Amino acid sequence: MQIQPDGRVAITPDVVDVCVLYRERVRGSARADAGVGYRWRVLLLQRGPGTRCPGSWELVHGRIEPGERPEEAAVREVHEETGLAVQRLYAITVNAFYLAGRDIKTAVVFAAVVGEGDGPPEATLGVEHVASRWQALRTAMRATTWPREREAMGHIAHLLRTGDAGVAEDVLRVQ
């Protein structure tokens with residue numbers, strides 16, 4: 001946190017959380033939550049042994065490097081942790097959390113769309129994770145370890161319910 005010359009307080013984000021999304025075409029009576037004929041699938045990653053929280057299922061996340069903008073960090077982290085290229089990126093929210101002995105941290109939360117169609121792209125995992133799986137949005141919300149990730153997915157379900165951010169596209173889409 002920094003106090004600006006005009007008295008405003010600037011909060012410097014520490015990390016990014018990224019919900020990686022694939023827009024899957026659905027047929028018949030399948031639930032459409034990403035626009036007519038589509039539903040969102042979320043990529044969940046399982047942490048490996050020897051890492052923090054081994055065995056937990058989570059979204060992509062990582063530190064913002066010095067001089068890096070949060071949206072640049074989001075795209076970089078998606079590529080490093082999954083090997084996937086981001087096609088569209090949306091700023092969703094900001095979350096605060098506490099790490100014992102290390103102050104309160106802030107995470108900028110993004111939704112990264114990586115594909116659309118009949119089959120999700122295959123992730124190439126980085127060293128921190130041992131497994132990945134694509135899940136329906138509501139199922140993914142129940143599977144993640146962290147409540148702030150579930151809350152962020154709830155925001156995504158609302159904001160991107162038509163497949164994009166609708167009337168807020170000009171504000172939320174950052175890439």
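Let's start with E80: at 45% relative accessibility, E80 counts as partly exposed. Partly exposed sits between buried, under 20% relative accessible area, and exposed, over 50% (1.4 Å probe, protein chains only). E80 also forms a salt bridge with R76, with the closest N and O atoms 3.3 Å apart. A salt bridge here is a side-chain nitrogen of Lys or Arg within 4 Å of a carboxyl oxygen of Asp or Glu. Both residues lie in helix α1 (residues 70–82), four residues apart, about one turn of the helix. Salt bridges with shared partners join E65, E68, R76, E77 and E80 into one network.

A word on the model. It is predicted: local features need pLDDT of at least 70, side-chain atom pairs count only at pLDDT 80 or more, and totals for chains, interfaces and linings use all residues. Residues are numbered from 1 along each chain as its sequence is written, and side-chain values use heavy atoms, leaving out hydrogens and water. Helices (H or I, at least four residues) and strands (E, at least two) are DSSP runs, numbered from the N terminus.

How many salt bridges does a search of the whole structure find? The search finds 16.

Take R41 and E24. Their side chains meet in a salt bridge, 3.8 Å from N to O. R41 lies in strand β4 (residues 38–47) and E24 in strand β3 (residues 15–25), so the pair ties together parts 17 residues apart in sequence. R41 is buried at 17% relative accessibility. E24 is buried too, at 14%.

Now D118 and R27. Their salt bridge has its closest N and O atoms 3.4 Å apart. D118 is exposed, and so is R27.
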